[in-house]
Amino acid sequence: MEWASQLCENRGLGSKMTDSKYFTTTKKGEIFELKAELNSDKKEKKKEAVKKVIASMTVGKDVSALFPDVVNCMQTDNLELKKLVYLYLMNYAKSQPDMAIMAVNTFVKDCEDPNPLIRALAVRTMGCIRVDKITEYLCEPLRKCLKDEDPYVRKTAAVCVAKLHDINAQLVEDQGFLDTLKDLISDSNPMVVANAVAALSEIAESHPNSNLLDLNPQTINKLLTALNECTEWGQIFILDCLANYTPRDDRESQSICERVTPRLSHANSAVVLSAVKVLMKFMEMLPKDLDYYGTLLKKLAPPLVTLLSAEPELQYVALRNINLIVQKRPEILKHEMKVFFVKYNDPIYVKLEKLDIMIRLASQANIAQVLAELKEYATEVDVDFVRKAVRAIGRCAIKVEQSAERCVSTLLDLIQTKVNYVVQEAIVVIKDIFRKYPNKYESVIATLCENLDSLDEPEARAAMIWIVGEYAERIDNADELLESFLEGFHDESTQVQLQLLTAIVKLFLKKPTETQELVQQVLSLATQDSDNPDLRDRGYIYWRLLSTDPVAAKEVVLAEKPLISEETDLIEPTLLEELICHIGTLASVYHKPPSAFVEGSRGVQHRRLPPRAGSVESAESPDVGQSGPSEAPPAVIPSQGDLLGDLLNLDLAPPTATVPSVQPSMQMGAMDLLGGGLDSLLGGDIGGSPSMGAGLGAAPTAMPAALGGAPPVGGGLGDLFDLGGGVGMPTGFYVVPKTLWLPAMKAKGLEISGTFARRGGIIQMDMSLTNKAMSVMTDFAIQFNRNSFGLAPAGPLQVLTPLSPNQTIDVSLPLSTSGPVMKMEPLNNLQVAVKNNIDVFYFSCQFPLSLLFVEDGKMERQVFLATWKDIPNDNEAQFQIKDIHLNSDAASNKLQGSNIFTIAKRTVEGQDMLYQSIKLTNSIWVLAEMRVQTGNPNYTLSIKCRAPEVCQFVYQCYEMVLKN
Amino acid sequence: MIGGLFIYNHKGEVLISRVYRDDIGRNAVDAFRVNVIHARQQVRSPVTNIARTSFFHVKRSNIWLAAVTKQNVNAAMVFEFLYKMCDVMTAYFGKISEENIKNNFVLIYELLDEILDFGYPQNSETGALKTFITQQGIKGQTKEEQSQITSQVTGQIGWRREGIKYRRNELFLDVLESVNLLMSPQGQVLSAHVSGRVVMKSYLSGMPECKFGMNDKIVIDKQGKGGTTDDAGKSSGKQSIAIDDCTFHQCVRLSKFDSERSISFIPPDGEYELMRYRTTKDIILPFRVIPLVREVGRTKLEVKVVIKSNFKPSLLAQKIEVRIPTPLNTSGVQVICMKGKAKYKASENAIVWKIKRMAGMKESQISAEIELLPTNDKKKWARPPISMNFEVPFAPSGLKVRYLKVFESKLNYSDHDVIKWVRYIGRSGIYETRC
């Protein structure tokens with residue numbers, strides 16, 4: 001017999017060279033033939049047949065019909081054949097669960113095989129078969145394998161626990177596998193440790209609150225020991241796990257850093273990046289004056305630079321991460337500008353990223369070099385890259401004042417090239433330079449004007465028109481220039497139309513005598529011949545301003561503009577912190593939190609940097625679950641993905657996070673209320689329980705309703721219950737009575753009045769639709785224009801029955817804040833379009849800012865203090881609220897109903913100072929100090945916010961809430 | 001973790017498809033083909049997100065390798081893994097081509113099963129893999145051999161097996177450097193760096209402990225301070241080089257390097273890359289390119305390029321090639337060169353000037369007249385930089401190997417018995433001069 005097997009072996013070798021033939025069989029009746037071959041007595045023929053089956057499977061043919069025949073081949077001592085059968089099983093077992101049971105016996109037997117490779121293979125494959133009945137049988141073999149004498153089997157079994165957990169989490173817990181897995185962290189073999197860590201980390205991710213990865217100094221020590229000994233991949237698992245640990249103090253932090261730094265010299269870039277992540281995170285805890293802190297900073301730069309000599313794909317990942325690191329700690333790479341210079345042969349994605357980092361690193365010291373480079377890039381071929389380079393020159397000018405002049409002259413040189421898109425891009429950035437340095441570079445306007453005709457992109461046209469309008473008094477033929485644009489007014493995009501309207505009005509205010517005709521022309525174009533509501537509104541405003549009070553018009557239109565800031569595209573600090581905790585991962589490549597692109601429970605936990613030891617520097621609130629960017633997750637990245645929906649049949653329903661379903665959030669709101677109410681009852685910071693009575697009497701706040709279930713007081717709230725959306729409790733949010741938004745005259749008989757409310761964390765727009773026409777109205781739909789806070793309907797407008805003449809229907813439309821954002825004037829303006837079977841109607845209304853005050857807006861006192869100090873005094877605004885006859889506690893209770901939270905109260909010489917915090921849906925924090933003097937009905941309110949433009953509106957909310 | 005791994009040919013047909021996670025469906029295979037392989041524009045990113053699924057891809061000749069995931073995976077690790085996968089395949093069957101992949105698809109599936117478990121990369125050292133993934137079955141093994149395999153795959157020294165024997169203990173060290181330069185037309189160095197590799201071929205018996213030393217400034221300075229008697233103190237200063245950063249093969253004990261800056265390791269058997277390093281200071285630039293481009297009217301361009309070699313006259317540079325880009329509307333070129341051969345290659349839009357050998361401290365010149373077709377294209381010619389290729393027999397960074405000591409206590413050979421070879425090769429990386 002021996003010669004026979006020899007022969008087979010040889011033939012096997014010979015056939016190896018022609019494996020590709022399996023890919024070509026496409027005959028009819030192929031399945032039938034394969035069936036016969038699979039059942040052949042000859043081993044070699046069987047193996048050939050299985051190979052053909054696998055090849056068909058690879059190219060996507062359905063060969064599931066062969067299931068029993070393939071499984072029959074499983075009982076073999078030929079390992080290659082066995083592996084092929086296993087591969088087949090993993091693919092098809094799910095579709096043939098009953099048949100798959102046939103394989104169980106062999107698996108169980110293999111798990112007892114004397115050969116460790118076969119034991120491991122069996123347990124590895126079994127874990128990949130997602131059939132309930134098989135998983136039942138998996139438990140016993142897995143338990144044995146976890147304690148196998150051979151490390152190869154143990155490391156495979158460790159991963160198998162994660163597989164099983166993915167199929168049936170309960171089973172894993174019931175069987176006690178988690179404990180066994182934890183024990184493996186102390187295993188003598190480093191690779192077993194690494195796989196156990198990987199498995200535990202993955203399982204822990206789906207149980208955010210379990211203390212599964214119970215990291216303590218002892219386990220950390222074990223991990224650090226294994227780190228020195230295991231494979232490159234194992235090192236990555238361990239480092240990624242370490243990054244989740246929060247050291248107890250700066251000493252522990254330093255000692256971990258010391259043991260992680262050697263990894264920076266590893267050849268594997270992923271090991272290096274994961275080590276950088278651990279260091280960046282733990283560094284946060286080290287006192288800045290520590291010598292070691294400086295040493296560490298110095299150690300980080302070289303490995304980051306080395307990453308740039310890796311293959312281009314890795315360079316891309318590295319650059320995206322460096323972009324974050326540079327924003328967080330600019331000092332690390334400030335001297336390394338040169339390595340980010342673009343090479344001619346870099347792939348485009350590397351070029352664009354390098355350019356981004358160059359701008360971030362640009363400073364007075366290196367600006368000359370940077371500019372020379374950027375100018376070079378502006379002559380390259382790739383249009384996107386060239387545009388970005390031109391834009392970068394503009395950003396340098398804005399960032400480094402000393403270089404502005406040189407930048408402007410470089411831009412002028414580029415304009416001289418007459419390359420169309422270069423010219424347009426240059427004009428757009430020159431506009432920004434004018435805004436930053438007014439009255440400094442106007443001498444170049446003449447050159448810009450020469451290129452007027454070649455501009456065909458709206459952004460460039462709008463920029464040019466802005467420049468002409470802004471400097472109309474210095475351009476002799478400004479009127480001619482603007483007039484030339486006016487000819488094709490209706491073909492222009494909205495952006496250009498609006499800009500043109502404003503520019504001509506500016507021109508008129510500066511040179512009234514010659515331009516009267518022009519201004520009349522543009523006003524009539526804008527108001528009478530246009531159907532764009534934005535344009536019409538702006539037109540009317542100007543018209544009325546000009547006709548009633550030209551002096552006021554001048555003050556409004558020619559008002560001094562705020563300067564634009566240096567860095568416009570910085571990542572928001574809380575998001576940046578989170579992304580730093582995700583260095584090396586996809587989140588850091590996309591610059592989005594994992595929740596924005598990962599489905600389900602995984603990765604939804606927000607990561608935070610640890611607070612620095614012994615300092616109050618970090619102003620961010622430490623409550624992890626609620627705050628942060630999760631409030632308004634950025635839109636799912638893939639825009640083209642939507643088109644592909646069918647192809648991938650992945651769920652393309654609107655991201656669930658953005659449209660809160662009514663039920664759960666109602667509960668949350670209620671709970672929050674209780675919490676808040678109890679807090680104030682129990683004294684806490686406010687210490688106002690005796691005054692509750694007064695508060696109750698005066699203010700129909702949420703608390704009584706929530707605590708006692710008492711009927712709500714106050715007429716204004718009564719009609720809340722009529723409205724559809726909200727069930728149960730009013731939150732105490734003050735609702736303005738409905739006002740008329742759309743008169744019937746303007747909307748062919750449809751009259752809309754409405755108001756806004758926030759109930760249990762849900763924003764609602766309550767409207768009464770009245771039909772004052774003669775015919776029935778149907779097919780209602782609603783849409784919002786982009787607005788300052790991204791308000792958008794969270795569902796369709798539910799008008800179920802047709803609206804017959806003289807009938808009124810009340811509807812309540814839930815709103816989300818995940819819509820597109822555009823700054824409106826005023827900030828709280830909302831432009832709405834309502835459609836019915838007759839026509840589309842437009843109106844605009846203003847919502848109280850308190851609509852956007854979220855329920856978890858209570859800041860920690862410490863954080864409040866630090867934030868207050870941190871916000872520059874320029875951002876403080878002071879207001880007077882007059883004629884309020886409430887004492888401070890009653891006022892604070894009343895405000896709490898609208899999610900304005902009192903954090904602390906201080907009484908100084910008969911004057912109560914209330915410190916309050918508000919958080920907006922877009923995570924902007926507003927801090928306020930309210931001074932109440934007994935006997936004085938006038939309150940003084942100081943508001944501080946990083947976005948000072950909201951202060952005015954916050955003040956309005958205070959006034960509204962307190963007076964009603 | 002990685003949810004699936006696909007290999008496609010240039011047409012987008014699947015050659016290998018292995019799914020590790022339940023959240024990746026068969027349709028992901030098509031999504032990548034439609035959106036990336038068949039995409040109209042050039043690839044704008046190596047990471048693509050399609051309908052909440054992320055695809056990582058690398059290309060080798062015209063084969064696409066794509067890893068797919070729906071989770072927030074370690075992106076750097078995924079790319080490192082894809083490169084490693086390419087290395088492993090190359091080690092098994094040579095060039096990665098459609099034919100080779102089809103011929104070895106069973107082997108590839110077997111490898112994928114071993115080196116990626118539930119999407120977690122496992123030991124992927126070819127040395128270890130080759131002991132048990134052989135395509136020939138492993139029935140003949142004794143129990144002892146089996147456990148040796150598993151202990152090697154999972155062990156601390158996963159890259160070397162026990163019991164290696166050579167009649168003659170020998171090792172080869174290659175210091176391979178690529179020198180990169182970006183120079184302005186005026187001769188100002190905009191950026192220059194050397195990225196070097198030390199490649200070792202070891203044919204040593206047993207489990208030898210090795211120690212590698214080079215003229216690293218930090219080490220030399222430290223020794224100089226010690227004030228010992230040897231001439232290391234004398235040679236320090238000029239002779240040592242400042243290494244910006246270095247990375248090591250996983251056999252090197254990193255913590256020891258971190259604390260003592262000594263490079264000690266047990267090497268894998270055969271050829272491998274011991275270390276990579278980067279220097280930016282005091283680089284010897286072997287060639288200087290002096291370009292002169294003059295536009296004569298709208299239809300003619302005069303180009304003159306001088307190259308100067310800048311190293312010891314006794315040394316010879318080889319395989320010198322200067323590539324001078326020409327505008328797209330070039331209609332004819334006349335070239336005169338003093339040395340070597342020059343040709344205008346229309347398909348590459350460049351004049352390629354080749355010189356076989358050139359000694360140090362020499363100079364050579366080429367001049368060309370380029371005739372242009374008149375075009376009404378407004379866009380100016382981008383003037384790509386002039387690039388150079390060459391090979392020189394020294395290390396442009398100045399790196400010198402000081403020693404490589406071999407200790408093997410169990411076997412009876414000593415450091416003196418090992419035959420050692422060292423070779424230095426400096427090649428051009430991206431060596432460009434703007435014109």
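In helix α4 of chain B, the buried residues are F105(B), V106(B), L107(B), I108(B), Y109(B), E110(B), L111(B), L112(B), D113(B), E114(B) and I115(B). Here, buried means under 20% relative accessible area, exposed means over 50%, and partly exposed lies in between, with a 1.4 Å probe and protein chains only. Because 11 of the 11 residues of α4(B), residues 105–115, are buried, this helix is largely enclosed by the rest of the structure. Helices (H or I, at least four residues) and strands (E, at least two) are DSSP runs numbered from the N terminus.

A word on the model itself: it is predicted, local features need pLDDT of at least 70, side-chain atom pairs count only at pLDDT 80 or more, and totals for chains, interfaces and linings use all residues. Residues are numbered from 1 along each chain as its sequence is written, chains are lettered from A and ligands numbered from 1 in the order in which they are written, and side-chain values use heavy atoms, leaving out hydrogens and water.

Let us turn to the salt bridges. A salt bridge is a side-chain nitrogen of Lys or Arg within 4 Å of a carboxyl oxygen of Asp or Glu. Over all chains, the count by this rule comes to 73 salt bridges.

| Salt bridge | Closest N and O atoms |
|---|---|
| E112(A) and K144(A) | 2.7 Å |
| K354(A) and D346(A) | 2.8 Å |
| R391(A) and E459(A) | 3.5 Å |

E112(A) and K144(A) form a salt bridge. This pair links distant parts of the chain, 32 residues apart: E112(A) is in the loop between α7 (104–110) and α8 (116–128) of chain A, while K144(A) is in helix α9 (residues 132–146) of chain A. E112(A) is partly exposed, at a relative accessible area of 48%, and K144(A) counts as exposed at 52% relative accessibility. K354(A) and D346(A), in turn, are both buried.

R391(A) also forms a salt bridge, with E459(A). R391(A) lies in helix α22 (residues 383–399) of chain A and E459(A) in helix α26 (residues 458–470) of chain A, so the pair ties together parts that are 68 residues apart in sequence. R391(A) is partly exposed, with a relative accessible area of 33%, and E459(A) is partly exposed too, with 37%. A network of salt bridges links R387(A), R391(A), E425(A), E457(A) and E459(A).

Next come the aromatic rings. Rings of Phe, Tyr and Trp (its six-membered ring) pair if their centres lie within 6.5 Å; planes under 30 degrees apart count as stacked, over 60 as edge-to-face and the rest as tilted. This rule gives 32 aromatic pairs over all chains. F67(A) and Y88(A) make a tilted pair, 5.8 Å centre to centre with 45 degrees between the planes. F67(A) lies in helix α4 (residues 67–72) of chain A and Y88(A) in helix α5 (residues 79–92) of chain A, so the pair ties together parts that are 21 residues apart in sequence. F67(A) counts as buried at 0% relative accessibility, and Y88(A) counts as buried at 0% as well. Elsewhere, one aromatic cluster is formed by W741(A), F756(A), F789(A), F843(A) and F847(A).
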